[in-house]
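Subject: Structure handover

Hello,

Please find the structure below. My notes on it follow.

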Amino acid sequence: MKTIKLSLHFPANHVTKPLTYDLVKKFDLQINILHADIQLNKTGKLILDITGTEWNIESGLKYIEDQGIKYKLFTKSIIWQEDSCVHCGACTAVCPSGALQMDKMDWSLTFDKEKCMVCELCVKACPLNVMCVTI
Amino acid sequence: MESRDTGAYPLILYRGRDGWMGYKSFDEINEKIKGGKAVVVTAEEIIGIVEEKGVKQAAKEVDVVTTATFGPMCSSGAFINFGHSDPPIRMGKVWLNDVPAYAGVAAVDAYIGATEPSETRGLEYGGAHVIEDLIAGKDIKLYAESYGTDCYPRKEISTCINKNNVNQAYMFNPRNAYQNYAAATNSSDKILYTYMGTLLPQCGNVTYSTAGELSPLLNDPEYRTIGIGTRVFIGGTQGYVAWQGTQHNPGQARGENGVPLAAAGTLALIGDLKQMDTRFIRAAVYEKYGVSLFVGVGIPIPILDEEMLMKTTIKNSEIFTKIFDYSVQSRTRPVLRSVSYEELRSGSIELNGKTVPTAPLSSLKKAREIAELLKKQVGNGEFLISQPVESLPAANKVNPLDVREGS
């Protein structure tokens with residue numbers, strides 16, 4: 001079993017297809033939707049974590065392609081250099097996925113890598129330069 | 001106020017809301033601190049203590065309440081005296097790691113301002129980084145030019161300095177520890193890069209910068225114990241309030257509790273850079289805005305009487321600020337609404353019928369660390385309180401800068 005993260009870009013006429021349902025039923029994949037921006041008759045964007053066997057993931061990706069949907073694998077990830085962080089919270093102002101949040105008890109920064117969409121907004125928003133992108 | 005001679009200490013009675021109240025003097029509290037007997041709590045802890053014990057009992061028991069803040073404070077910098085070279089130079093222009101420092105003072109004195117950008121690296125490195133590197137003990141490249149004089153013949157010098165081989169290096173910050181500050185949002189359609197962080201379009205977020213109920217001047221809103229000469233924790237060492245800070249605005253509108261409803265008082269602080277610690281001073285860069293400096297400040301407030309105690313029990317729900325629309329490029333930005341720090345701390349607020357996420361810019365975690373450290377230092381006798389030698393102005397207004405014809 002492995003997990004990959006990818007973003008899907010739907011052309012306007014594909015938004016009504018139950019793609020994630022097909023991925024679950026046909027390829028036995030676990031889908032975790034991280035971000036969805038889909039409007040009827042307009043282009044849509046979906047960011048997913050997909051977990052399954054190597055073979056099922058490969059088949060699932062081919063199926064996505066066959067449906068005329070473009071996808072992009074996330075090869076990069078965000079690294080939080082916690083030791084240098086002062087926990088000011090400036091990065092939480094721009095994080096669209098909720099991956100970066102303040103702990104409401106001790107007001108330290110928390111980073112949930114699973115939720116991160118690698119949009120890189122935090123990299124620039126951090127005044128101490130402690131968020132960086134790695135491959 | 002009325003004074004009666006009672007022997008060892010003159011007993012001063014103070015007229016409070018509920019009649020005459022007992023009064024602990026600065027000296028009495030210091031005697032307790034020196035003996036390691038002072039009861040010290042943080043400005044967050046005092047809230048629960050007073051709720052549990054009541055004002056009268058808590059005022060008797062508690063001697064000092066510690067306050068703190070750790071936020072970006074642009075109006076910061078340091079004076080350095082480099083010592084004289086041989087042959088000597090009257091430094092006219094000075095660069096530290098390629099960051100210009102102001103040298104329009106005596107021969108080998110200069111002021112490095114926190115926000116000054118590097119001439120070779122742009123906004124990624126600035127005066128704040130020079131200050132942080134100095135505190136860390138790193139070598140800094142010094143380059144200076146002069147036109148040469150009979151008494152200072154040298155015209156150029158290139159060498160390295162660090163905090164151990166310069167004479168004085170002291171931070172002198174013209175404006176720190178703002179008593180309350182604006183919250184920011186952006187109603188325009190484009191992303192804004194400001195000193196209040198990255199503001200997302202269409203009021204996509206609200207940022208704020210405060211230690212709230214832990215913040216120094218919010219716990220002494222009328223500057224009764226914090227004034228010129230007050231000993232403070234600054235950047236990890238002991239420093240002092242040197243003067244009112246620039247833009248000090250005690251005349252700001254206030255709530256019934258005396259707490260300003262927007263930016264008000266400020267402090268000019270001074271402290272020995274050589275004794276500072278990079279845990280409490282950090283350089284910052286705000287995207288497309290520039291360089292700033294996180295400064296850790298802590299101030300112990302002596303509980304002179306019940307009235308002073310009451311001031312320190314201020315809660316985030318009782319402190320309000322205004323949300324300004326930073327997309328309006330004017331000195332007078334429109335106010336979208338008034339909001340309490342309790343609401344801002346909750347993580348989201350209502351703005352024009354929409355739920356908008358909120359984010360802090362100053363570190364409450366670090367502020368708490370400072371308040372706890374200060375509590376320990378006052379508790380074990382290392383850090384004494386000090387009576388102000390002069391009060392901060394209680395009334396003055398901030399002048400705008402208008403463009404007009406010269407005479």
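A definition to begin with: helices (H or I, at least four residues) and strands (E, at least two) are DSSP runs, numbered from the N terminus. This is a predicted model, in which local features need pLDDT of at least 70 and side-chain atom pairs count only at pLDDT 80 or more, while totals for chains, interfaces and linings use all residues. Residues are numbered from 1 along each chain as its sequence is written, chains are lettered from A and ligands numbered from 1 in the order in which they are written, and side-chain values use heavy atoms, with hydrogens and water left out.

The pocket

A pocket here is an open set of points on a 1 Å grid over the protein atoms alone, where a 1.4 Å probe fits, with protein on both sides within 12 Å along at least five of seven lines; lining residues have an atom within 4 Å of a point. Grid points are joined across faces, edges and corners, and a volume is the space filled by probe spheres set on the points. By that account the largest pocket holds about 1,200 Å³ of space. Its lining consists of 39 residues, and Tyr178(B), Tyr181(B), Tyr195(B), Gln247(B) and Ala263(B) lie nearest the centre. Two or more lining residues come from each of β5 (64-72), β14 (169-176) and β24 (320-325) of chain B. Of the elements, β5(B) gives the largest share of the lining, three residues.

The sheet in chain A

Two strands count as paired if DSSP finds at least two bridges between them. In chain A, an open sheet of four strands runs in the order β2-β3-β1-β4, with antiparallel pairing. Its edges are β2 (30-37) and β4 (70-73) of chain A; each has a single partner strand, so one side of each is left without a neighbour in the sheet. From one strand to the next the twist averages 25 degrees. Angles run from 0 to 180 degrees between N-to-C directions, and axes are lines fitted to C-alpha atoms, for helices over the stretch in contact.

Within this sheet, β1 (residues 2-10) and β3 (residues 44-52) of chain A form an antiparallel pair over nine bridges. Leu8(A) stands opposite Leu46(A) in β3(A). Two helices pack on the sheet, contact meaning heavy atoms within 4.5 Å. Helix α1 (residues 19-27) of chain A touches β1, β2 and β3 of chain A, and its direction makes about 170 degrees with that of β2(A). Helix α2 (residues 54-66) of chain A touches β1, β3 and β4 of chain A, at about 5 degrees to the direction of β1(A).

The sheet in chain B

Chain B has an open sheet of four strands in the order β8-β7-β12-β13, again with antiparallel pairing. Here β8 (99-101) and β13 (156-161) of chain B are at the edges with a single partner strand each, so one side of each lacks a neighbour in the sheet. The twist averages 25 degrees from one strand to the next. Strands β7 (residues 93-96) and β12 (residues 140-145) of chain B pair in the antiparallel sense over four bridges, and the bridge partner of Leu96(B) in β12(B) is Leu142(B). Helix α4 (residues 127-135) of chain B packs on this sheet and touches β7, β8, β12 and β13 of chain B, its direction making about 125 degrees with that of β12(B).

Salt bridges

A salt bridge is a side-chain nitrogen of Lys or Arg within 4 Å of a carboxyl oxygen of Asp or Glu. Over all chains the structure holds 25 of them. Lys375(B) forms one with Glu45(B), with the closest N and O atoms 2.9 Å apart. That pair links distant parts of the chain, 330 residues apart: Lys375(B) is in helix α8 (residues 364-379) and Glu45(B) in helix α2 (residues 45-53) of chain B.

Burial is given by relative accessible area: buried is under 20%, exposed over 50%, and partly exposed in between (1.4 Å probe, protein chains only). Glu45(B), at 30%, is therefore partly exposed. In the salt bridge between Lys138(B) and Asp133(B), the closest N and O atoms are 3.3 Å apart. Lys138(B) is partly exposed at 45%, whereas Asp133(B) is buried at 15%. Asp277(B), Arg279(B), Lys366(B) and Glu369(B) are linked in a salt-bridge network.

Met308(B)

Met308(B) lies in helix α6 (residues 306-312) of chain B and is buried, with a relative accessible area of 1%.

Regards
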